[in-house]
Structures are given as C-alpha cells and as structure tokens.
Amino acid sequence: MFSMNAIGYVRSPFQKTTEVPKGLGAKHEAEGILEIREEFGAGLTDIEGFSHLIVIWAFDRSSGFDLMGTPPSDDRPHGVFATRSPRRPNPIGLTVVELTGRDGRMLHVRGIDMLDGTAILDIKPYLSNVPSERLRRGWLAEAEERAEKRI
Ligand SMILES: C[S@@+](CC[C@H](N)C(=O)[O-])C[C@H]1O[C@@H](n2cnc3c(N)ncnc32)[C@H](O)[C@@H]1O
C-alpha cells in the first residue's frame, strides 16, 4: 500500500467529465492553473525555465477499474494499460501541459484535461518528444553547457 498526499489542486474550466474534449482529433488546449499548497511551494524553485511539465494526478472522481475497455477514440476494446482510461487499478492520471506563466505557487498552464479540483500528486519537467523548436530545458541545458566547457 502507498499513501500519497496532494501537493496541490487543478483549477480547470471543466466541472463534468462530459465537458472534457474526447475522441479522435480532440484538442487539449484548455487553460487552467496548478495551485500548489503552501508547504510545497519551495519545490517550484527553477520550474519556470521549462516549457512543458508532466503532471501526475489522481482520478479522484472515478472508482473501480476495467481490464478491457473501449476508449472514445475507437470502437474496439483494448487492455487498460494500452489506454488512458480513468478506470484503472491505480487511478493515476498523467498529462503533459505547457507552462505559460508562474505567479508564486500558481502555475498557469495550457493543455489540461482534468476536472476542477483534481488532486495533483506530482509535477516533473518534460524533457523528451517535444518538438525541439518549442522545447526549453531550463537549468539543465545551462548545466550541460557549463560541463561541456569544462571538458
Ligand atoms: C482519457 S483520461 C486521460 C487523462 C490523462 N491525460 C492520462 O493520460 O492519464 C481524461 C478523462 O479523464 C476524466 N477525468 C478528468 N479529471 C478527472 C478526475 N479528477 N476524476 C475522474 N475522471 C477525471 C475526464 O473524463 C477526461 O476526459
């Protein structure tokens, strides 16, 4: 068993699951805020250098799971671990968002698909598969550059 504590909550325009765009071609461009709890605020230090973030969160309004299911983007069933279904053994969601700004403990982001009030479990910088022209690697790129100069 694992016990986790929310580090913050999502402020989203979506109140109901039916409001979140779904299916083939659905675009996730909704803007929202990741509001981090005061006790975890120092953990945001240097985050603004990153263009995209991985947000790990809890499907807190979903219960139970199905090992097979038919997602909105197909008419054939697939195993839960081959989909992004909210009905999974461990109800963990993962969304890559674009960081558009920071105001203290409020991270302004684009690309959310979570409901308003969703509990955030963790945030990590996104470092792969983002088109290179849009990717900023923040302090890591600077550290790599410094190391190269030392060689
Ligand atoms: C298909 S899942 C994908 C979520 C995430 N991008 C992932 O890959 O883990 C997205 C759907 O989860 C549902 N959802 C969003 N927030 C939720 C929450 N807090 N509890 C339960 N379901 C939620 C909405 O119906 C939304 O369309």
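Reader: How many residues surround the ligand, and which are the closest?
Author: This is a predicted model. In it, 18 residues surround the ligand, and the closest are Asp60, Arg84, Leu94, Asp113 and Thr118.

Reader: What classes are in that shell around the ligand?
Author: The shell has eight nonpolar residues, five polar ones and five charged ones.

Reader: Which polar side-chain atom lies 3.2 Å from an oxygen atom of the ligand?
Author: One in Lys22.

Reader: And what about a nitrogen atom of the ligand?
Author: A polar backbone atom of Arg61 is 3.0 Å from a ligand nitrogen. An N or O atom in the side chain of Thr95 is 3.2 Å from a ligand nitrogen.

Reader: How much of the ligand does the protein bury?
Author: The protein buries 88% of the 600 Å² that the ligand exposes when taken alone.

Reader: Where does the ligand sit?
Author: In the largest pocket. Strand 3 (52–58) and strand 6 (92–103) are the elements that give two or more residues to the shell around the ligand. Strand 6 gives the most, with three residues.

Reader: Different topic. How much space lies in the largest pocket?
Author: About 1,200 Å³. The pocket is lined by 43 residues, and those closest to its centre are Phe59, Arg84, Ser85, Pro86 and Asp113.

Reader: Which strand gives the largest share of that lining?
Author: Strand 6, with seven residues. Strand 3 and strand 4 (68–69) also give two or more residues each to the lining.

Reader: And the lining by class?
Author: The lining divides into 17 nonpolar, 15 polar and eleven charged residues.

Definitions and conventions. Residues are numbered from 1 along each chain as its sequence is written. This is a predicted model: local features need pLDDT of at least 70, side-chain atom pairs count only at pLDDT 80 or more; totals for chains, interfaces and linings use all residues. Side-chain values use heavy atoms; hydrogens and water are left out. A residue is near a molecule or strand if one of its heavy atoms lies within 4 Å of it. A polar contact is a pair of N or O atoms within 3.5 Å; within protein, one must be able to donate a hydrogen and the other to accept it, and residues adjacent in sequence count only if both atoms are side-chain atoms. Accessible areas come from the Shrake-Rupley method with a 1.4 Å probe; for residues, only the protein chains shown count as cover. On a 1 Å grid over the protein atoms alone, a cavity is a set of points where a 1.4 Å probe fits but cannot get out, and a pocket is an open set with protein on both sides within 12 Å along at least five of seven lines; lining residues have an atom within 4 Å of a point. A molecule sits in a cavity or pocket if more than half of its atoms lie within 2 Å of its grid points. Helices (H or I, at least four residues) and strands (E, at least two) are DSSP runs, numbered from the N terminus. Ala, Val, Leu, Ile, Met, Phe, Trp, Tyr, Cys and Pro count as nonpolar, Asp, Glu, Lys and Arg as charged, and the others, Gly among them, as polar. Grid points are joined across faces, edges and corners, and a volume is the space filled by probe spheres set on the points.
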